[in-house]
Amino acid sequence: MTAVHVPGVPVIEDGRLVSTSPATGAEVGRLPVATGSDVRDTVERARGAGDWWAGLGFTGRRERLLRWRSRIARRMEELAELAHAEGGKPVGDAAVEILTALEHIDWAARNARRVLGPRRVRSRLILAEFTGHLEYQPYGVVGVIGPWNYPVFTPIGSAAYALAAGNAVVFKPSEYTPAVGQWLVDRFAEVVPEQAVLTAVHGLGDVGAALCRSGVAKVAFTGSTATARKVMAACAETLTPVLLEAGGKDAMIVDADADLDAAAEACVWGALTNAGQTCIGIERVYAVDQVFDAFVDKVVSRAGRLTVGPDGADLGPITMPSQLDIIRRHIDDALAHGGRAVLGGPDAVQPPYVHPTVLVDVPEESAAVREETFGPTLTVNRVRDVDEAVERANALPYGLGGAVFGRKRAVAVARRLRSGMASINSTLTFAGMSTLPFGGVGDSGFGRIHGEDGLREFGRAKAITRRRARSLLPAMTFERSPADVARLIKAAKLMYGRR
Ligand code: NDP
(Lines give C-alpha, C1' and ligand atoms only; values in the text may rest on other atoms or scores of the structure.)
Protein backbone atom coordinates (compact mmCIF):
# COMPACT_ATOMS: atom_id res chain seq x y z
CA MET A 1 0.00 0.00 0.00
CA THR A 2 1.28 3.46 -0.93
CA ALA A 3 2.49 5.83 1.78
CA VAL A 4 0.96 8.79 -0.09
CA HIS A 5 -2.15 9.92 1.76
CA VAL A 6 -5.15 10.18 -0.52
CA PRO A 7 -8.14 11.40 1.50
CA GLY A 8 -10.25 8.43 2.46
CA VAL A 9 -7.78 5.78 1.33
CA PRO A 10 -6.54 3.82 4.33
CA VAL A 11 -2.79 3.34 4.77
CA ILE A 12 -0.68 1.10 6.93
CA GLU A 13 1.94 2.85 9.03
CA ASP A 14 4.16 1.01 11.52
CA GLY A 15 1.81 -1.94 11.65
CA ARG A 16 -1.24 0.28 12.17
CA LEU A 17 -4.19 0.70 9.84
CA VAL A 18 -4.89 4.41 9.53
CA SER A 19 -8.33 5.48 8.31
CA THR A 20 -9.00 9.00 7.07
CA SER A 21 -11.97 11.14 6.18
CA PRO A 22 -12.77 10.96 2.45
CA ALA A 23 -13.86 14.61 2.62
CA THR A 24 -10.90 16.17 4.41
CA GLY A 25 -8.19 13.54 4.67
CA ALA A 26 -8.09 14.02 8.45
CA GLU A 27 -7.04 10.94 10.38
CA VAL A 28 -9.93 9.19 12.10
CA GLY A 29 -8.73 5.80 13.30
CA ARG A 30 -5.43 4.02 13.96
CA LEU A 31 -5.80 0.33 14.71
CA PRO A 32 -3.26 -2.48 14.96
CA VAL A 33 -3.06 -4.67 11.86
CA ALA A 34 -3.57 -8.36 12.60
CA THR A 35 -1.11 -10.89 11.22
CA GLY A 36 -2.22 -14.34 10.13
CA SER A 37 -1.23 -15.78 13.48
CA ASP A 38 -3.02 -12.96 15.32
CA VAL A 39 -6.19 -13.94 13.49
CA ARG A 40 -5.74 -17.62 14.39
CA ASP A 41 -5.04 -16.73 18.04
CA THR A 42 -8.09 -14.47 18.20
CA VAL A 43 -10.28 -17.23 16.83
CA GLU A 44 -8.78 -19.71 19.28
CA ARG A 45 -9.54 -17.39 22.21
CA ALA A 46 -13.01 -16.77 20.83
CA ARG A 47 -13.63 -20.51 20.93
CA GLY A 48 -13.32 -20.54 24.71
CA ALA A 49 -15.33 -17.33 24.96
CA GLY A 50 -18.00 -18.89 22.77
CA ASP A 51 -18.35 -21.87 25.11
CA TRP A 52 -18.79 -19.47 28.02
CA TRP A 53 -21.27 -17.32 26.08
CA ALA A 54 -23.29 -20.36 25.00
CA GLY A 55 -23.33 -21.45 28.64
CA LEU A 56 -25.08 -18.22 29.64
CA GLY A 57 -28.18 -19.48 27.89
CA PHE A 58 -30.76 -17.39 26.09
CA THR A 59 -31.68 -15.36 29.19
CA GLY A 60 -28.11 -14.39 30.06
CA ARG A 61 -27.31 -13.47 26.47
CA ARG A 62 -30.52 -11.53 26.02
CA GLU A 63 -29.80 -9.44 29.08
CA ARG A 64 -26.28 -8.59 27.89
CA LEU A 65 -27.29 -7.94 24.30
CA LEU A 66 -29.97 -5.53 25.46
CA ARG A 67 -27.38 -3.74 27.56
CA TRP A 68 -25.13 -3.51 24.50
CA ARG A 69 -28.08 -2.05 22.57
CA SER A 70 -28.64 0.53 25.33
CA ARG A 71 -24.97 1.52 25.40
CA ILE A 72 -24.98 2.14 21.67
CA ALA A 73 -28.32 3.99 21.82
CA ARG A 74 -27.19 6.29 24.61
CA ARG A 75 -24.07 7.26 22.67
CA MET A 76 -25.53 7.22 19.20
CA GLU A 77 -24.62 10.84 18.40
CA GLU A 78 -20.97 9.97 19.05
CA LEU A 79 -21.18 6.91 16.81
CA ALA A 80 -22.97 8.88 14.08
CA GLU A 81 -20.23 11.51 14.17
CA LEU A 82 -17.58 8.80 13.92
CA ALA A 83 -19.32 7.14 10.96
CA HIS A 84 -19.59 10.57 9.35
CA ALA A 85 -15.92 11.33 9.93
CA GLU A 86 -14.65 7.97 8.74
CA GLY A 87 -16.98 7.16 5.85
CA GLY A 88 -18.20 10.64 4.94
CA LYS A 89 -21.92 9.92 5.20
CA PRO A 90 -24.17 12.68 6.55
CA VAL A 91 -24.75 12.47 10.30
CA GLY A 92 -28.52 12.13 9.72
CA ASP A 93 -28.00 9.09 7.48
CA ALA A 94 -25.69 7.60 10.10
CA ALA A 95 -28.32 8.14 12.80
CA VAL A 96 -30.95 6.30 10.72
CA GLU A 97 -28.48 3.48 10.12
CA ILE A 98 -27.78 3.17 13.86
CA LEU A 99 -31.48 3.23 14.72
CA THR A 100 -32.04 0.32 12.33
CA ALA A 101 -29.13 -1.61 13.83
CA LEU A 102 -30.50 -1.07 17.36
CA GLU A 103 -33.84 -2.52 16.29
CA HIS A 104 -32.06 -5.63 14.99
CA ILE A 105 -30.10 -6.16 18.21
CA ASP A 106 -33.32 -5.73 20.18
CA TRP A 107 -35.32 -8.18 18.10
CA ALA A 108 -32.58 -10.81 17.87
CA ALA A 109 -32.03 -10.70 21.64
CA ARG A 110 -35.74 -10.97 22.44
CA ASN A 111 -36.61 -13.68 19.94
CA ALA A 112 -33.63 -16.05 19.97
CA ARG A 113 -35.13 -18.44 22.51
CA ARG A 114 -38.50 -18.65 20.76
CA VAL A 115 -36.93 -19.33 17.37
CA LEU A 116 -33.90 -21.43 18.32
CA GLY A 117 -34.63 -22.89 21.72
CA PRO A 118 -35.45 -26.55 22.40
CA ARG A 119 -38.97 -27.58 21.55
CA ARG A 120 -40.99 -30.72 21.02
CA VAL A 121 -41.96 -31.57 17.49
CA ARG A 122 -44.99 -33.70 16.75
CA SER A 123 -44.41 -37.00 15.08
CA ARG A 124 -46.69 -38.54 12.45
CA LEU A 125 -48.47 -41.85 12.29
CA ILE A 126 -45.45 -43.65 10.88
CA LEU A 127 -43.38 -43.05 14.04
CA ALA A 128 -46.21 -42.29 16.43
CA GLU A 129 -44.40 -44.05 19.28
CA PHE A 130 -41.64 -41.41 19.16
CA THR A 131 -41.50 -37.73 19.97
CA GLY A 132 -39.25 -35.29 18.19
CA HIS A 133 -37.06 -32.62 19.78
CA LEU A 134 -35.57 -29.75 17.84
CA GLU A 135 -33.18 -27.02 18.79
CA TYR A 136 -30.65 -24.81 17.02
CA GLN A 137 -27.23 -25.02 18.61
CA PRO A 138 -24.53 -22.39 18.09
CA TYR A 139 -21.77 -23.03 15.58
CA GLY A 140 -19.06 -21.83 17.96
CA VAL A 141 -17.09 -18.99 16.41
CA VAL A 142 -18.57 -17.08 13.49
CA GLY A 143 -16.38 -14.86 11.33
CA VAL A 144 -18.15 -11.67 10.24
CA ILE A 145 -16.64 -9.70 7.36
CA GLY A 146 -18.19 -6.30 6.74
CA PRO A 147 -18.21 -3.55 4.13
CA TRP A 148 -17.72 0.19 4.63
CA ASN A 149 -20.97 1.57 3.24
CA TYR A 150 -23.12 0.73 6.27
CA PRO A 151 -20.41 0.03 8.85
CA VAL A 152 -22.90 -0.28 11.74
CA PHE A 153 -25.97 -1.83 10.16
CA THR A 154 -24.32 -4.52 8.03
CA PRO A 155 -22.04 -6.16 10.61
CA ILE A 156 -24.74 -5.95 13.28
CA GLY A 157 -27.19 -7.58 10.88
CA SER A 158 -24.99 -10.67 11.12
CA ALA A 159 -23.22 -10.27 14.47
CA ALA A 160 -26.28 -9.52 16.64
CA TYR A 161 -28.08 -12.57 15.27
CA ALA A 162 -24.99 -14.77 15.59
CA LEU A 163 -24.43 -13.61 19.18
CA ALA A 164 -28.09 -14.07 20.12
CA ALA A 165 -27.83 -17.61 18.77
CA GLY A 166 -24.96 -18.29 21.21
CA ASN A 167 -21.90 -17.87 18.98
CA ALA A 168 -18.75 -15.86 19.59
CA VAL A 169 -17.94 -13.49 16.74
CA VAL A 170 -14.63 -12.41 15.25
CA PHE A 171 -15.31 -9.38 13.12
CA LYS A 172 -13.19 -8.00 10.29
CA PRO A 173 -14.42 -4.46 9.53
CA SER A 174 -13.70 -2.90 6.17
CA GLU A 175 -10.30 -1.25 5.99
CA TYR A 176 -12.20 1.99 5.24
CA THR A 177 -14.17 1.93 8.50
CA PRO A 178 -12.12 0.15 11.17
CA ALA A 179 -12.72 2.80 13.85
CA VAL A 180 -16.50 2.33 13.64
CA GLY A 181 -16.03 -1.42 13.86
CA GLN A 182 -13.79 -1.13 16.90
CA TRP A 183 -16.24 1.27 18.57
CA LEU A 184 -18.99 -1.35 18.37
CA VAL A 185 -16.67 -4.02 19.77
CA ASP A 186 -15.54 -1.73 22.61
CA ARG A 187 -19.13 -1.01 23.67
CA PHE A 188 -19.78 -4.76 23.71
CA ALA A 189 -16.70 -5.35 25.87
CA GLU A 190 -18.08 -2.84 28.38
CA VAL A 191 -21.16 -4.95 28.97
CA VAL A 192 -19.46 -8.32 28.52
CA PRO A 193 -16.08 -7.77 30.19
CA GLU A 194 -15.58 -11.40 31.24
CA GLN A 195 -14.61 -12.91 27.88
CA ALA A 196 -13.73 -11.76 24.35
CA VAL A 197 -17.04 -12.86 22.87
CA LEU A 198 -17.02 -10.18 20.16
CA THR A 199 -13.60 -9.15 18.87
CA ALA A 200 -12.29 -7.31 15.84
CA VAL A 201 -9.29 -8.07 13.65
CA HIS A 202 -8.13 -5.20 11.47
CA GLY A 203 -6.29 -4.93 8.20
CA LEU A 204 -6.74 -5.21 4.47
CA GLY A 205 -8.38 -7.93 2.44
CA ASP A 206 -5.72 -10.47 3.39
CA VAL A 207 -6.95 -10.32 7.00
CA GLY A 208 -10.44 -11.21 5.79
CA ALA A 209 -8.94 -14.05 3.78
CA ALA A 210 -7.03 -15.24 6.87
CA LEU A 211 -10.27 -15.19 8.86
CA CYS A 212 -11.90 -17.47 6.27
CA ARG A 213 -9.05 -19.96 6.77
CA SER A 214 -8.74 -19.56 10.55
CA GLY A 215 -10.95 -22.42 11.62
CA VAL A 216 -14.11 -20.38 12.25
CA ALA A 217 -17.21 -22.55 12.07
CA LYS A 218 -19.08 -20.22 9.72
CA VAL A 219 -18.37 -17.05 7.76
CA ALA A 220 -20.94 -14.30 7.31
CA PHE A 221 -19.70 -12.06 4.53
CA THR A 222 -21.17 -8.77 3.35
CA GLY A 223 -19.43 -7.06 0.45
CA SER A 224 -19.01 -7.17 -3.30
CA THR A 225 -19.86 -10.14 -5.48
CA ALA A 226 -16.23 -10.39 -6.63
CA THR A 227 -14.96 -10.76 -3.06
CA ALA A 228 -17.84 -13.07 -2.20
CA ARG A 229 -16.50 -15.53 -4.79
CA LYS A 230 -13.04 -15.42 -3.17
CA VAL A 231 -14.54 -15.90 0.29
CA MET A 232 -16.54 -18.90 -0.88
CA ALA A 233 -13.48 -20.40 -2.59
CA ALA A 234 -11.41 -19.99 0.57
CA CYS A 235 -14.17 -21.48 2.72
CA ALA A 236 -14.54 -24.41 0.32
CA GLU A 237 -11.05 -25.60 1.32
CA THR A 238 -12.29 -26.45 4.80
CA LEU A 239 -16.00 -26.93 4.02
CA THR A 240 -16.71 -23.88 6.18
CA PRO A 241 -20.31 -22.80 5.58
CA VAL A 242 -20.82 -19.29 4.27
CA LEU A 243 -23.52 -16.68 4.20
CA LEU A 244 -23.00 -14.25 1.35
CA GLU A 245 -24.63 -10.83 1.25
CA ALA A 246 -23.26 -9.41 -1.97
CA GLY A 247 -23.89 -6.59 -4.41
CA GLY A 248 -27.05 -5.54 -6.19
CA LYS A 249 -28.56 -3.48 -8.97
CA ASP A 250 -32.02 -2.99 -7.59
CA ALA A 251 -34.86 -1.91 -9.80
CA MET A 252 -37.97 0.09 -9.06
CA ILE A 253 -41.11 -0.32 -11.14
CA VAL A 254 -43.60 2.51 -11.49
CA ASP A 255 -47.02 1.37 -12.65
CA ALA A 256 -49.71 3.52 -14.28
CA ASP A 257 -51.78 3.76 -11.08
CA ALA A 258 -48.87 4.84 -8.86
CA ASP A 259 -48.93 7.95 -6.69
CA LEU A 260 -46.23 9.74 -8.65
CA ASP A 261 -45.27 12.24 -5.97
CA ALA A 262 -44.78 9.48 -3.44
CA ALA A 263 -42.92 7.39 -6.03
CA ALA A 264 -40.57 10.23 -6.94
CA GLU A 265 -39.88 11.09 -3.31
CA ALA A 266 -39.11 7.49 -2.36
CA CYS A 267 -37.11 6.92 -5.53
CA VAL A 268 -34.86 9.91 -4.91
CA TRP A 269 -34.20 8.79 -1.37
CA GLY A 270 -33.78 5.11 -2.26
CA ALA A 271 -31.33 5.96 -5.04
CA LEU A 272 -29.37 8.81 -3.50
CA THR A 273 -29.24 8.22 0.24
CA ASN A 274 -25.66 7.68 1.38
CA ALA A 275 -24.67 9.15 -2.02
CA GLY A 276 -26.00 6.00 -3.68
CA GLN A 277 -23.54 3.75 -1.86
CA THR A 278 -26.23 1.34 -0.76
CA CYS A 279 -26.35 -2.35 -1.66
CA ILE A 280 -30.15 -2.20 -1.86
CA GLY A 281 -30.11 1.28 -3.40
CA ILE A 282 -32.39 1.90 -6.36
CA GLU A 283 -30.13 2.08 -9.41
CA ARG A 284 -32.66 1.45 -12.20
CA VAL A 285 -36.25 2.55 -12.67
CA TYR A 286 -38.73 1.20 -15.17
CA ALA A 287 -41.73 3.51 -15.49
CA VAL A 288 -44.68 2.65 -17.72
CA ASP A 289 -45.19 4.87 -20.73
CA GLN A 290 -48.30 6.73 -19.44
CA VAL A 291 -46.52 8.10 -16.38
CA PHE A 292 -42.89 8.17 -17.55
CA ASP A 293 -42.57 11.88 -18.38
CA ALA A 294 -44.39 13.13 -15.29
CA PHE A 295 -42.41 10.77 -13.07
CA VAL A 296 -39.05 11.84 -14.52
CA ASP A 297 -39.95 15.54 -14.04
CA LYS A 298 -40.80 14.94 -10.39
CA VAL A 299 -37.61 12.95 -9.77
CA VAL A 300 -35.45 15.59 -11.43
CA SER A 301 -37.00 18.47 -9.51
CA ARG A 302 -36.57 16.67 -6.17
CA ALA A 303 -33.06 15.34 -6.86
CA GLY A 304 -31.98 18.73 -8.21
CA ARG A 305 -32.73 20.34 -4.86
CA LEU A 306 -30.36 18.11 -2.90
CA THR A 307 -27.19 19.61 -1.53
CA VAL A 308 -23.76 18.00 -1.86
CA GLY A 309 -20.80 18.70 0.39
CA PRO A 310 -18.85 17.89 3.53
CA ASP A 311 -21.03 18.87 6.48
CA GLY A 312 -24.78 19.21 6.77
CA ALA A 313 -25.39 18.44 3.09
CA ASP A 314 -27.82 15.79 1.83
CA LEU A 315 -25.06 13.89 0.02
CA GLY A 316 -21.54 13.39 1.36
CA PRO A 317 -18.40 12.32 -0.48
CA ILE A 318 -17.80 9.03 -2.22
CA THR A 319 -16.19 6.95 0.51
CA MET A 320 -13.87 4.86 -1.64
CA PRO A 321 -12.05 7.16 -4.09
CA SER A 322 -11.54 4.37 -6.65
CA GLN A 323 -15.33 4.20 -7.05
CA LEU A 324 -15.30 7.63 -8.71
CA ASP A 325 -13.81 6.14 -11.88
CA ILE A 326 -16.56 3.52 -12.03
CA ILE A 327 -19.29 6.14 -11.59
CA ARG A 328 -17.72 8.32 -14.29
CA ARG A 329 -17.39 5.36 -16.66
CA HIS A 330 -21.04 4.39 -16.19
CA ILE A 331 -22.24 7.94 -16.93
CA ASP A 332 -19.98 8.29 -19.98
CA ASP A 333 -20.94 4.87 -21.30
CA ALA A 334 -24.67 5.57 -20.93
CA LEU A 335 -24.37 8.86 -22.82
CA ALA A 336 -22.13 7.35 -25.51
CA HIS A 337 -24.80 4.74 -26.21
CA GLY A 338 -27.68 7.13 -26.64
CA GLY A 339 -28.79 7.79 -23.07
CA ARG A 340 -29.57 11.36 -21.97
CA ALA A 341 -28.67 13.07 -18.72
CA VAL A 342 -31.72 15.01 -17.52
CA LEU A 343 -29.87 15.92 -14.33
CA GLY A 344 -26.12 15.95 -13.75
CA GLY A 345 -23.94 14.13 -16.27
CA PRO A 346 -20.17 13.81 -16.73
CA ASP A 347 -19.57 17.10 -14.88
CA ALA A 348 -21.39 15.73 -11.85
CA VAL A 349 -18.24 13.88 -10.83
CA GLN A 350 -16.24 16.38 -8.79
CA PRO A 351 -13.98 14.35 -6.50
CA PRO A 352 -14.58 13.47 -3.78
CA TYR A 353 -18.23 14.32 -4.55
CA VAL A 354 -20.69 13.25 -7.19
CA HIS A 355 -23.79 15.34 -7.78
CA PRO A 356 -27.12 13.61 -8.40
CA THR A 357 -27.38 12.33 -11.93
CA VAL A 358 -30.52 11.05 -13.64
CA LEU A 359 -30.07 9.26 -16.95
CA VAL A 360 -33.00 8.38 -19.22
CA ASP A 361 -33.44 6.16 -22.27
CA VAL A 362 -30.28 4.27 -21.39
CA PRO A 363 -29.73 1.10 -23.47
CA GLU A 364 -30.27 -1.99 -21.37
CA GLU A 365 -26.88 -3.42 -22.31
CA SER A 366 -24.93 -0.42 -21.03
CA ALA A 367 -22.83 -0.59 -17.86
CA ALA A 368 -25.07 1.96 -16.10
CA VAL A 369 -27.95 -0.53 -16.33
CA ARG A 370 -26.08 -3.81 -15.89
CA GLU A 371 -23.30 -3.14 -13.35
CA GLU A 372 -23.42 -1.90 -9.78
CA THR A 373 -22.62 1.83 -9.95
CA PHE A 374 -22.58 2.61 -6.22
CA GLY A 375 -22.97 6.34 -6.73
CA PRO A 376 -25.77 8.94 -6.72
CA THR A 377 -26.89 8.08 -10.23
CA LEU A 378 -30.08 6.58 -11.54
CA THR A 379 -31.31 5.30 -14.87
CA VAL A 380 -35.00 5.70 -15.72
CA ASN A 381 -36.27 3.81 -18.72
CA ARG A 382 -39.67 3.77 -20.38
CA VAL A 383 -41.58 0.48 -20.63
CA ARG A 384 -44.81 -0.52 -22.34
CA ASP A 385 -46.34 -2.14 -19.26
CA VAL A 386 -45.40 -3.81 -16.00
CA ASP A 387 -44.75 -7.13 -17.73
CA GLU A 388 -41.95 -5.53 -19.71
CA ALA A 389 -40.76 -3.80 -16.53
CA VAL A 390 -40.53 -7.12 -14.67
CA GLU A 391 -38.76 -8.76 -17.61
CA ARG A 392 -36.13 -6.02 -17.69
CA ALA A 393 -35.79 -5.84 -13.92
CA ASN A 394 -35.17 -9.59 -13.81
CA ALA A 395 -32.68 -9.64 -16.68
CA LEU A 396 -29.54 -9.25 -14.54
CA PRO A 397 -27.57 -11.83 -12.56
CA TYR A 398 -28.08 -9.70 -9.42
CA GLY A 399 -31.22 -10.14 -7.33
CA LEU A 400 -31.07 -8.33 -4.00
CA GLY A 401 -34.09 -6.05 -3.42
CA GLY A 402 -36.44 -3.91 -5.43
CA ALA A 403 -39.47 -1.65 -5.23
CA VAL A 404 -42.87 -1.36 -6.86
CA PHE A 405 -45.09 1.71 -6.96
CA GLY A 406 -48.69 1.16 -7.89
CA ARG A 407 -51.98 -0.12 -6.53
CA LYS A 408 -53.86 -2.88 -8.33
CA ARG A 409 -50.97 -5.03 -9.51
CA ALA A 410 -48.29 -4.03 -6.99
CA VAL A 411 -48.24 -7.18 -4.85
CA ALA A 412 -48.28 -9.48 -7.87
CA VAL A 413 -45.44 -7.51 -9.46
CA ALA A 414 -43.39 -7.53 -6.25
CA ARG A 415 -43.78 -11.30 -6.06
CA ARG A 416 -42.54 -11.70 -9.62
CA LEU A 417 -39.33 -9.74 -9.01
CA ARG A 418 -36.34 -12.08 -8.97
CA SER A 419 -35.02 -10.75 -5.69
CA GLY A 420 -34.84 -11.65 -2.03
CA MET A 421 -36.81 -8.58 -0.97
CA ALA A 422 -39.16 -5.97 -2.35
CA SER A 423 -40.99 -2.95 -0.99
CA ILE A 424 -44.33 -1.66 -2.22
CA ASN A 425 -44.91 2.10 -2.23
CA SER A 426 -41.65 2.71 -0.38
CA THR A 427 -37.98 1.97 -0.91
CA LEU A 428 -35.46 0.07 1.24
CA THR A 429 -37.95 -0.38 4.11
CA PHE A 430 -37.52 -4.16 4.30
CA ALA A 431 -34.00 -3.60 5.70
CA GLY A 432 -35.41 -2.06 8.86
CA MET A 433 -38.12 -4.62 9.51
CA SER A 434 -36.41 -6.95 11.93
CA THR A 435 -39.13 -9.56 11.56
CA LEU A 436 -38.35 -10.07 7.86
CA PRO A 437 -35.40 -11.96 6.40
CA PHE A 438 -32.81 -10.07 4.33
CA GLY A 439 -30.70 -11.54 1.55
CA GLY A 440 -30.41 -12.01 -2.18
CA VAL A 441 -30.51 -14.48 -5.03
CA GLY A 442 -28.05 -15.09 -7.87
CA ASP A 443 -25.01 -12.80 -7.83
CA SER A 444 -26.41 -11.02 -4.78
CA GLY A 445 -25.57 -14.05 -2.66
CA PHE A 446 -27.43 -16.54 -0.53
CA GLY A 447 -28.43 -17.16 3.04
CA ARG A 448 -30.44 -14.75 5.13
CA ILE A 449 -29.80 -12.31 7.93
CA HIS A 450 -32.58 -10.68 10.04
CA GLY A 451 -35.81 -12.23 11.26
CA GLU A 452 -36.34 -15.86 12.14
CA ASP A 453 -34.35 -17.06 9.12
CA GLY A 454 -31.52 -14.78 10.20
CA LEU A 455 -31.41 -16.39 13.63
CA ARG A 456 -31.56 -19.89 12.18
CA GLU A 457 -28.68 -19.00 9.86
CA PHE A 458 -26.45 -18.96 12.94
CA GLY A 459 -27.62 -22.17 14.57
CA ARG A 460 -27.23 -25.77 13.53
CA ALA A 461 -30.46 -27.68 13.64
CA LYS A 462 -30.14 -30.50 16.14
CA ALA A 463 -32.80 -33.17 15.75
CA ILE A 464 -33.49 -35.75 18.45
CA THR A 465 -36.04 -38.54 18.54
CA ARG A 466 -37.16 -40.15 21.76
CA ARG A 467 -39.08 -43.37 22.17
CA ARG A 468 -42.18 -43.07 24.30
CA ALA A 469 -43.78 -46.45 23.66
CA ARG A 470 -43.12 -49.88 22.22
CA SER A 471 -43.44 -50.13 18.42
CA LEU A 472 -46.63 -51.89 17.41
CA LEU A 473 -45.32 -52.38 13.90
CA PRO A 474 -41.56 -52.95 14.25
CA ALA A 475 -39.74 -51.65 11.18
CA MET A 476 -36.25 -50.41 12.09
CA THR A 477 -35.05 -53.61 13.68
CA PHE A 478 -33.74 -57.05 12.73
CA GLU A 479 -36.36 -58.41 15.08
CA ARG A 480 -39.19 -57.84 12.64
CA SER A 481 -40.86 -60.87 11.17
CA PRO A 482 -42.03 -61.48 7.59
CA ALA A 483 -45.56 -60.93 8.90
CA ASP A 484 -44.50 -57.52 10.23
CA VAL A 485 -43.11 -56.62 6.80
CA ALA A 486 -46.37 -57.70 5.18
CA ARG A 487 -48.30 -55.49 7.62
CA LEU A 488 -45.89 -52.61 6.90
CA ILE A 489 -46.53 -52.93 3.18
CA LYS A 490 -50.26 -52.99 3.78
CA ALA A 491 -50.03 -49.91 6.02
CA ALA A 492 -47.85 -48.10 3.48
CA LYS A 493 -50.40 -48.72 0.74
CA LEU A 494 -53.22 -47.56 2.98
CA MET A 495 -51.41 -44.39 4.03
CA TYR A 496 -49.65 -43.39 0.83
CA GLY A 497 -51.02 -45.51 -1.99
CA ARG A 498 -54.31 -43.75 -2.60
CA ARG A 499 -54.91 -41.30 -5.46
P1 NDP B 1 -15.52 -5.62 -0.66
O2 NDP B 1 -16.00 -6.89 -1.22
O3 NDP B 1 -14.41 -4.91 -1.32
O4 NDP B 1 -15.07 -5.81 0.86
C5 NDP B 1 -15.92 -6.39 1.83
C6 NDP B 1 -15.08 -6.92 2.98
O7 NDP B 1 -14.32 -8.05 2.54
C8 NDP B 1 -14.06 -5.91 3.50
O9 NDP B 1 -13.95 -6.04 4.90
C10 NDP B 1 -12.81 -6.37 2.80
O11 NDP B 1 -11.65 -5.96 3.46
C12 NDP B 1 -12.95 -7.86 2.86
N13 NDP B 1 -12.12 -8.59 1.90
C14 NDP B 1 -11.46 -8.12 0.82
N15 NDP B 1 -10.82 -9.13 0.17
C16 NDP B 1 -11.07 -10.26 0.88
C17 NDP B 1 -10.71 -11.63 0.71
N18 NDP B 1 -9.97 -12.05 -0.30
N19 NDP B 1 -11.17 -12.53 1.62
C20 NDP B 1 -11.96 -12.13 2.63
N21 NDP B 1 -12.34 -10.85 2.85
C22 NDP B 1 -11.90 -9.92 1.98
O23 NDP B 1 -16.82 -4.69 -0.56
P24 NDP B 1 -16.90 -3.18 -0.11
O25 NDP B 1 -16.34 -3.03 1.26
O26 NDP B 1 -16.37 -2.34 -1.21
O27 NDP B 1 -18.48 -2.98 0.01
C28 NDP B 1 -19.30 -2.61 -1.05
C29 NDP B 1 -20.02 -3.82 -1.61
O30 NDP B 1 -20.76 -4.44 -0.57
C31 NDP B 1 -21.04 -3.48 -2.67
O32 NDP B 1 -20.95 -4.41 -3.72
C33 NDP B 1 -22.37 -3.62 -1.95
O34 NDP B 1 -23.45 -3.90 -2.80
C35 NDP B 1 -22.07 -4.74 -1.02
N36 NDP B 1 -22.99 -4.74 0.10
C37 NDP B 1 -23.93 -5.74 0.20
C38 NDP B 1 -24.85 -5.72 1.20
C39 NDP B 1 -25.86 -6.82 1.34
O40 NDP B 1 -26.43 -6.94 2.43
N41 NDP B 1 -26.11 -7.64 0.34
C42 NDP B 1 -24.89 -4.64 2.19
C43 NDP B 1 -23.86 -3.66 2.01
C44 NDP B 1 -22.95 -3.73 0.99
P45 NDP B 1 -10.94 -4.60 2.98
O46 NDP B 1 -11.96 -3.52 3.12
O47 NDP B 1 -9.84 -4.50 3.96
O48 NDP B 1 -10.51 -4.84 1.57
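**Quick briefing**

The ligand sits in the largest pocket. Keep in mind that this is a predicted model.

**Around the ligand**

- A shell of 31 residues surrounds the ligand, and the closest are Glu-175, Ser-224, Thr-227, Cys-279 and Glu-372.
- Sorted by class, that shell has 13 nonpolar, 13 polar and five charged residues.

**Polar atoms facing the ligand**

- Glu-175 has a polar side-chain atom 2.4 Å from an oxygen atom of the ligand.
- Ser-174 also places a polar side-chain atom by a ligand oxygen, at 3.2 Å.
- With Ala-246, the backbone takes part: one of its N or O atoms lies 2.7 Å from a nitrogen atom of the ligand.
- On its own, the ligand has 900 Å² of accessible area, and the protein covers 90% of that.

- Look for Arg-61 in helix H2 (residues 57-74). Its relative accessible area is 3%, so Arg-61 counts as buried, the cut-off being under 20%.
- Arg-61 and Arg-470 are 409 residues apart along the chain, and their C-alpha atoms are separated by 40 Å.
- Lys-89 belongs to the loop between helix H3 (76-87) and helix H4 (91-116). Lys-89 is buried too, because its relative accessibility is 4%.
- What does the side chain of Lys-89 make a polar contact with? Its partner is the side chain of Glu-97, at 2.5 Å.
- The backbone oxygen of Asn-149 is 2.9 Å from a polar atom of the Lys-89 side chain.

- Pro-351 and Pro-352 are joined by a cis peptide bond, with omega at about 5°. You'll find Pro-352 in the loop between strand S14 (349-350) and strand S15 (353-354).
- Asp-361 isn't a glycine, yet it has a positive phi of about 50°. Asp-361 is in the loop between strand S16 (357-360) and helix H12 (367-370), and its 32% relative accessibility makes it partly exposed.
- His-450, not a glycine either, has a positive phi of about 70°. His-450 lies in the loop between strand S22 (445-446) and helix H15 (451-456).
- Is His-450 buried or exposed? At 0% relative accessibility, His-450 counts as buried.

How values were computed:
Residues are numbered from 1 along each chain as its sequence is written. This is a predicted model: local features need pLDDT of at least 70, side-chain atom pairs count only at pLDDT 80 or more; totals for chains, interfaces and linings use all residues. Side-chain values use heavy atoms; hydrogens and water are left out. A residue is near a molecule or strand if one of its heavy atoms lies within 4 Å of it. A polar contact is a pair of N or O atoms within 3.5 Å; within protein, one must be able to donate a hydrogen and the other to accept it, and residues adjacent in sequence count only if both atoms are side-chain atoms. Accessible areas come from the Shrake-Rupley method with a 1.4 Å probe; for residues, only the protein chains shown count as cover. On a 1 Å grid over the protein atoms alone, a cavity is a set of points where a 1.4 Å probe fits but cannot get out, and a pocket is an open set with protein on both sides within 12 Å along at least five of seven lines; lining residues have an atom within 4 Å of a point. A molecule sits in a cavity or pocket if more than half of its atoms lie within 2 Å of its grid points. Ala, Val, Leu, Ile, Met, Phe, Trp, Tyr, Cys and Pro count as nonpolar, Asp, Glu, Lys and Arg as charged, and the others, Gly among them, as polar. Helices (H or I, at least four residues) and strands (E, at least two) are DSSP runs, numbered from the N terminus. Buried means under 20% relative accessible area, exposed over 50%, partly exposed in between (1.4 Å probe, protein chains only).
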